[in-house]
Amino acid sequence: MLLALFRITLLLICIYTARHYWFTLNRLFSRQRHPYVDIGTASWPAITVVIAAHNEEAVVADILRALLEVDYPQDRLAIVPVNDRSTDRTREIIDGYVEQYPRIKPFHRIAGKPGKAAALKDAMELVETEIVLIFDADYVPGKALIRQLVAPFFDPEVGAVMGRVVPLNVGKKLLTRMLDLERSGGYQVDQQARMNLHMVPQYGGTVAGVRKSALDEIGGWNEKSLAEDTDLTYRLLLAGWKTAYENRAECYEEVPESWPVRVRQIMRWAKGHNQAMTSYMFRTASSSGLNWYERLDGVLLLGVYLMGPVLVVGWLLAVVLFYTGVEIGGGLTVLALGAFTTLGNFAAFFEIAAAARLDGSRERIRLLPLTLFGFTVSLVSVSRAAWQQLQGVLFGEADLVWNKTERSRTAPVLEDARLPALEESH
Amino acid sequence: MASWGPIALTAVTASLLALPVAPALFELQKRRDAAPLTVSRHSGRTENFAESFQSRLEPLLPELERCRAKNEVTRISIDGLEALLVGRDDFNFSHEDIGPVEAIMLAHPTIVPAGCEVSVDLYAASTLELGAGAIVRAALSIGDVTLCENSSVLRWLHSRGNVRLRCGSAVKGRLSAEEWIALSGSCRFLRVSAPEIVTADDIPAPGRVSQRKAIEGHNLHSEYAASAARRHRVRGDFVLPAGETLNGDIIATGEVRIGAGAQLRGSIKSYKDVVIEDDASVNGSIVGEKSLRLGRRSYAAGPIMAERGVVIDGESRIGEPDCPTTISSASVEIAAGCRIHGTIWAREQGSIES
């Protein structure tokens, strides 16, 4: 029994290892698909930019100012800051901008279910356009970003678009430097490889857009979801809509600067992702409307946060089996185990190194060995999240509570002359 | 031996473990690459290089005017840019006259002599003509520009007026004009942008391009491309029969063919090829994962994206004067007599049928 479980664990680890290598090698050596990147001239449609803001007094002014300066026809751009039950100065700051710029149409939400999906669901009442772009309040869009995110919607099959997020507060701490590398791997390699291979790029919930008719078709935002982005990706996919990833639609974000914040963030992501997995894994695997590679990638993407506990279980089983003297298998198993310990462990790091190279980073790649530390923290966090969810299932303890990621920014970044993306506008 | 063996083993193991971590700790301490990654700074407009060049040369314009008034040639340096200001109208682009400069500013209407190679950027305050076989690195012209037979621009060319490319000429980077661009047979290009781009066997006379009569019946707005039109999902090929009209978007896993004279009021997405037959029209965008062919006298509002190649037959029209659009593909081949409003992006090769 234990041996069978160990072999299954090993098989899963090998599959995900192969996946990492496949994506990385594709990104390094295959033809890159950027089908919408050249659309610079077009009859740009009317759009609404929705900004999700819950207690964002430190950052909300930055994004409002940045959006007022973007290179998009002003008469076709509506800005809707969604002040979701804020108890700080968020409302006051937004209203100050509304006085100066009446085309900002605020949505002050004073009650209702907590969570981003619930807030977005309520805010859709104000949206009159077919294309909706979503930003979290701590993001700082560059001048060209809006056009880059809208361009894929000229493809009638595209239901959602995802841009690339780039950490802004990289140099602050060891954690921010780790997250910078991790984000590079996730976007520069993972997301772009999925785009190249016609697989399932993931809608990420911010620096993103959604087609309103597609959203309406699938029943709107799912307020019961902890990860409305993953949830939306799969509901669109199953309804025949595609998510497009735009690697060159880049936007700065603020990453967590303290480990407790990071742990809470990744635990929320893990729980939301696992929640989506239970809802959509079977439907994705059995969907007749998807290609086999979409189904395979869709299922593996849903299981990605489960690999933490799987790895922990694998390690524990390996120790138990070793000390109980159980023969762990024939040559193939030993070979798989050997391959994993020599290569598999490093697949994710290979991916990050490739991403750093593609980004043209020179020195930061030296930090790669330290990402092992961040990896360990993530491993423990997602395993803990999975355990809590399992407890919820076994003992009926509901633990699906949405926690906002705390911001570290204390001053506006738009006044920072060193900010590369905004040099042009100042 | 036995006493220091374990210590040595521990020390060696610790050293081996520390080896890969040492550069990491060094970088963590020194922070040599700790700035945020640089994200896209501009909108990717075709005119970006020309605008940047213009802004660098702006302070020299009064001096160029002075040179013109005095009919003289002056060398000048500003912010590290070495420029040659030419106020004479008989400048002949000899290597001795040019010398080690990065830019030449020309005050008078100028003809780059046939066969001449100019390896610096040009600023022309008036009209500019490249003689047959001439090669220029890059040029910004306030007046009209003509590229004579087999001449070429290596990086970018922008005109505040119009640009004519005669037979066999080429712009190997970005080509843009604020009025119109006329491309003759066998011309080659990569990226072209103007309110109006025409292709012709012969070069039209000035003013003739803008006065061309619009093709009747294609006045629908390209906002179909981002509308909530009804979706028709098709497994396999899709054919809209000749002469018929369909409202809605077509998404097909096979080839999409719009029959002769048919009209699609919506957009197209095909996993394979797209064929728009003669006299047909599409009032939205066209996205093909392989190639796209637009037949004679066809119309598309755009944008048009085909991952492998686009072929546009004669007398077709893409975009509208008030709704310019984009054609993007690895290769773009256009026949004579077409009219395009907006931008053509040929990532590998763009050409006009000879």
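1. A definition to start with: two residues are in contact if their C-beta atoms, placed from the backbone, lie within 7 Å. With that in hand, look at Asp278(B), which touches Ala260(B), Gly295(B), Arg296(B), Arg297(B) and Ser298(B), once residues up to four places away in sequence are left out. Please keep in mind as you read that this is a predicted model.

2. Where does Asp278(B) sit? You will find Asp278(B) in the loop between β21 (274–276) and β22 (281–282) of chain B. Asp278(B) has 17 other C-beta atoms within 10 Å and is therefore partly exposed; a buried residue would have 20 or more, and an exposed one 12 or fewer. For a sense of distance along the chain, take Ser141(B): 137 residues separate Asp278(B) from Ser141(B) in sequence, and their C-alpha atoms are 38 Å apart in space.

3. Now step back to chain B as a whole. Chain B is divided into domain 1, covering 49–200, and domain 2, covering 222–352. Between the C-alpha centres of domain 1 of chain B and domain 2 of chain B there are 35 Å. Their contact draws 17 residues from domain 1 of chain B and 18 residues from domain 2 of chain B.

4. Which strands of chain B each supply at least two residues of the side of domain 1 that touches domain 2? They are β12 (180–184) and β13 (188–200) of chain B. The largest share of this side of domain 1 of chain B comes from β13(B), with twelve residues. Sorted by class, the side of domain 1 of chain B that touches domain 2 of chain B holds nine nonpolar, five polar and three charged residues.

5. Chain A also has a domain 1 and a domain 2 to look at. Domain 1 of chain A is made of two stretches, 2–28 and 296–395, while domain 2 of chain A spans 45–259. The centres of domain 1 of chain A and domain 2 of chain A, taken over C-alpha atoms, are separated by 30 Å. To the contact, domain 1 of chain A gives 20 residues and domain 2 of chain A gives 20 residues.

6. On the side of domain 1 of chain A that touches domain 2 of chain A, at least two residues each come from α1 (2–29), α10 (292–302), α13 (347–358) and α14 (371–395) of chain A. Which helix provides the largest share of that side? It is α13(A), with six residues. By class, this side of domain 1 of chain A has ten nonpolar residues, along with five polar and five charged ones.

Conventions:
Residues are numbered from 1 along each chain as its sequence is written. Chains are lettered from A and ligands numbered from 1 in the order in which they are written. This is a predicted model: local features need pLDDT of at least 70, side-chain atom pairs count only at pLDDT 80 or more; totals for chains, interfaces and linings use all residues. Domain bounds come from an automatic or database domain assignment. Helices (H or I, at least four residues) and strands (E, at least two) are DSSP runs, numbered from the N terminus. Ala, Val, Leu, Ile, Met, Phe, Trp, Tyr, Cys and Pro count as nonpolar, Asp, Glu, Lys and Arg as charged, and the others, Gly among them, as polar.
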